[in-house]
Amino acid sequence: MAPLDQKMDTADDIGLLRFSTAGSVDDGKSSLIGRLLYDSKAVSTDRIAALERIARRKGEDVIDLSLLMDGLTVEREQGITIDVAYSYFATAQRKFIIADTPGHEQYTRNMVTGASTADAAVILVDAARGLSLQTRRHLYLSHLLGVPHLVVAVNKMDLVGFDKGAYDIVVASIEAFADAIGAKRTYIVPISAKHGDNVVNASTNMPWYEGQPLLALLEALPPAIVMHQAPFRFPVQLVRRVPVHGGEQIRQYLGRVESGHIKAGDEIAVMPAGRVTRVRAVSDFHGPLERGESGRSIAIEVQDELDIARGDVLTPPLLPPRVDDEFTATICWFSDDGFNGQGRYLVKCGTRTVAGRVAEIIYRLDVATLATEPNPETLRCNDIARVRIALAESLAFDAYDANRATGAFILIDADTNATVAAGMIALRDGEATAAGGSGFDVGL
Amino acid sequence: MTIPVLSAKPAPAPARHLDNLESEAIYILRETAAEFSNPALLFSGGKDSTVLLRLAEKAFRPSKFPFPLLHVDTGENFPEVIAFRDRIAKQLGERLIVRTVQDSIDRGRVKLKTPNQSRNALQSVTLLDAIAEFEFDACIGGARRDEEKARAKERIFSYRNSFGQWDPRHQRPELWSLYNGRLDKGEHMRIFPLSNWTEIDIWRYIEREEMELPSLYYAHERPLAVRGKNLVPFSDLFPAREDDVIETRVVRFRTVGDITCTLPVESNAATVEQVIAETMVASLSERGATRLDDQTSDASMEERKRAGYF
């Protein structure tokens with residue numbers, strides 16, 4: 001743990017930043033993270049000693065910081081990242097969680113695993129090679145997942161002589177692509193991970209760059225979208241029966257407040273059934289709570305004896321979620337087997353799992369060109385598609401852009417139990433997005 | 001050699017950060033209770049699994065836990081830790097199941113290459129046997145991603161095939177908080193509610209919750225065998241070698257595992273506040289400083305995990 005942790009407490013208001021990193025092969029992503037960890041003194045001496053042993057064995061005079069990241073034997077052998085690795089560091093300003101994700105298209109499922117919980121995505125571009133297909137893919141997927149801040153690090157500036165002209169050409173192509181997909185809040189930083197320019201310390205080789213080094217930028221990014229302003233959503237995880245005196249039992253509904261807040265006396269609707277009751281008490285392990293805030297795991301009691309079970313969502317009656325047995329969504333297909341129009345699937349959304357099927361593939365999207373192919377009959381691994389999902393029973397949900405917790409779902413193969421796809425429920429025409437929504441309909 | 005106790009009193013725990021970690025762990029524990037029919041919580045008496053018990057109280061009290069506690073005892077644990085384990089389980093009023101590596105040896109399930117071989121890696125077999133015996137479909141463990149780079153790759157719901165193996169190249173995608181708990185018979189899930197906690201978070205939480213830990217975690221005098229740069233503990237069951245140089249040092253343990261592979265660090269930190277202050281300036285990683293089993297190769301944890309280790 002970094003020694004600077006001590007000072008971090010005073011900066012708790014700005015909060016933790018989770019960021020994902022992605023880049024094409026050889027873009028220097030592992031070196032960049034190694035550099036961030038090393039220069040912010042988050043690497044322990046025994047791990048540095050291990051790197052020094054490796055360097056001596058190979059007869060190299062500098063340690064290879066990229067080796068800090070690739071955790072699996074097969075990754076070190078091949079020099080690639082296959083699955084997400086999480087690492088943790090802190091500076092005087094902030095605590096960070098890095099989700100280092102693979103660049104290969106083959107491992108897109110792992111890239112989106114890391115990006116799904118990120119507040120920012122750091123995407124690497126090789127200054128000499130420019131915007132690659134994979135980089136477009138990473139930018140698009142990060143934007144699709146609604147990652148609030150996109151940061152493009154134009155790496156290997158040393159290979160183009162730290163030349164502003166070369167950088168400007170790359171910047172122009174990034175900005176054009178970001179515009180095309182409708183990404184706002186995109187930051188671009190010229191760096192050299194290998195030499196440390198503009199990673200932690202400002203570069204003396206690029207006096208023409210007026211912005212902040214990467215770490216300073218990450219330290220200053222506004223905190224993640226605050227969900228307490230969105231309408232109250234409480235997917236029920238468990239029902240608990242607590243004995244009270246007189247041999248009676250009261251029922252408590254356990255779960256996490258995904259957005260908004262709740263207090264005793266509030267009127268709530270039990271969705272998807274729509275029955276309305278009032279909250280009698282809100283509590284946690286320590287006792288009654290004046291208010292259950294977003295993000296907190298709590299217990300709720302209601303006034304009326306209602307049938308409330310795992311998978312139901314408690315919401316305000318006046319700001320309910322949508323309830324339907326079908327929806328339109330953008331999905332990313334993960335399974336090597338692809339989708340052939342058949343197959344039995346389960347849809348897990350919030351705490352509810354229902355049988356469902358892909359009723360229609362509306363279009364497949366080519367992430368590189370943003371061209372759409374209408375009504376394909378099959379999907380391959382890593383395809384991005386707009387689909388219509390039909391459900392065996394009604395579900396309460398929101399659009400992903402309005403509420404990540406109630407707008408995201410996974411598709412589980414009912415036969416193999418594998419997670420074969422992840423999806424984001426689309427807005428209906430004219431539906432408003434929450435602040436920070438990706439608006440991923442753009443350009444289509 | 002004396003080590004000064006750091007006088008700087010650390011600032012109080014960052015409340016919101018710990019609240020977020022706690023809330024996430026409670027959510028994961030409740031998802032486990034909902035998605036599995038027969039889970040178990042692995043409790044060793046160590047600090048991480050003791051924190052797990054506290055979180056389970058927060059998730060489920062006043063009800064009983066929806067799972068028993070399971071300890072795989074190598075027979076080489078520190079006696080103080082075993083006493084702590086038994087006392088805490090009794091205080092909580094929860095069922096504690098203990099299965100020993102010795103049982104697996106007696107039944108011929110594992111063979112020792114030498115009588116003095118560390119039994120730490122052998123506990124995977126005993127664990128898998130216990131999972132089969134009780135038909136557990138989920139095992140909740142206190143592993144954290146910051147401990148070691150193979151653990152840094154692990155999902156929160158981490159699938160094991162019917163041989164108990166982890167296949168790190170084909171993990172289920174795990175997006176948002178949508179954990180896929182579906183299994184076929186004979187398979188099981190390892191569940192890690194503390195995935196996003198770091199060592200300092202654990203200590204901050206222990207401080208905030210005023211939790212008791214085995215005394216080994218705090219500075220105490222202990223005779224140790226000095227072998228190179230390692231200070232090696234010994235006990236009646238595992239005596240020092242004849243050629244060992246024995247010295248009494250003031251030490252504490254950062255991890256508490258098997259006596260044959262757990263090393264103490266020199267420290268005067270006798271209270272939780274002092275441990276936090278020391279942890280914040282520590283330059284060695286937790287397992288690197290104290291675990292002989294992780295020093296053998298770059299991939300030692302990964303190899304053990306693939307075979308069923310926690």
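Residues are numbered from 1 along each chain as its sequence is written, and chains are lettered from A and ligands numbered from 1 in the order in which they are written.

**Confidence**
- Residues 434-444 of chain A also have a pLDDT below 50.
- Where pLDDT is low, the predicted coordinates should not be read in detail.
- The average pLDDT of chain A is 86, and 90% of the residues score at least 70.

**Domains**
- Chain A is divided into domain 1 (5-220), domain 2 (228-315) and domain 3 (322-425), with bounds from an automatic or database domain assignment.
- The centres of domain 2 and domain 3 of chain A, taken over C-alpha atoms, are 29 Å apart.
- Their contact takes 12 residues from domain 2 of chain A and 10 residues from domain 3 of chain A.

**Helix packing**
- Helix 5 (residues 108-115) and helix 6 (residues 133-144) of chain A pack at about 45°, with axes 10 Å apart; helices are DSSP runs (H or I, at least four residues), numbered from the N terminus.
- Axes are lines fitted to C-alpha atoms, for helices over the stretch in contact, and angles run from 0 to 180 degrees between N-to-C directions.
- A:Met111, A:Val112 and A:Ala115 of helix 5 meet A:His138, A:Leu141 and A:Ser142 of helix 6.

Conventions. Predicted model: local features only at pLDDT ≥ 70, side-chain atom pairs only at ≥ 80, totals over all residues. Contact = placed C-beta atoms within 7 Å. pLDDT = per-residue confidence, 0-100. Helix = DSSP H or I, 4+ residues; strand = E, 2+ residues; numbered from the N terminus.
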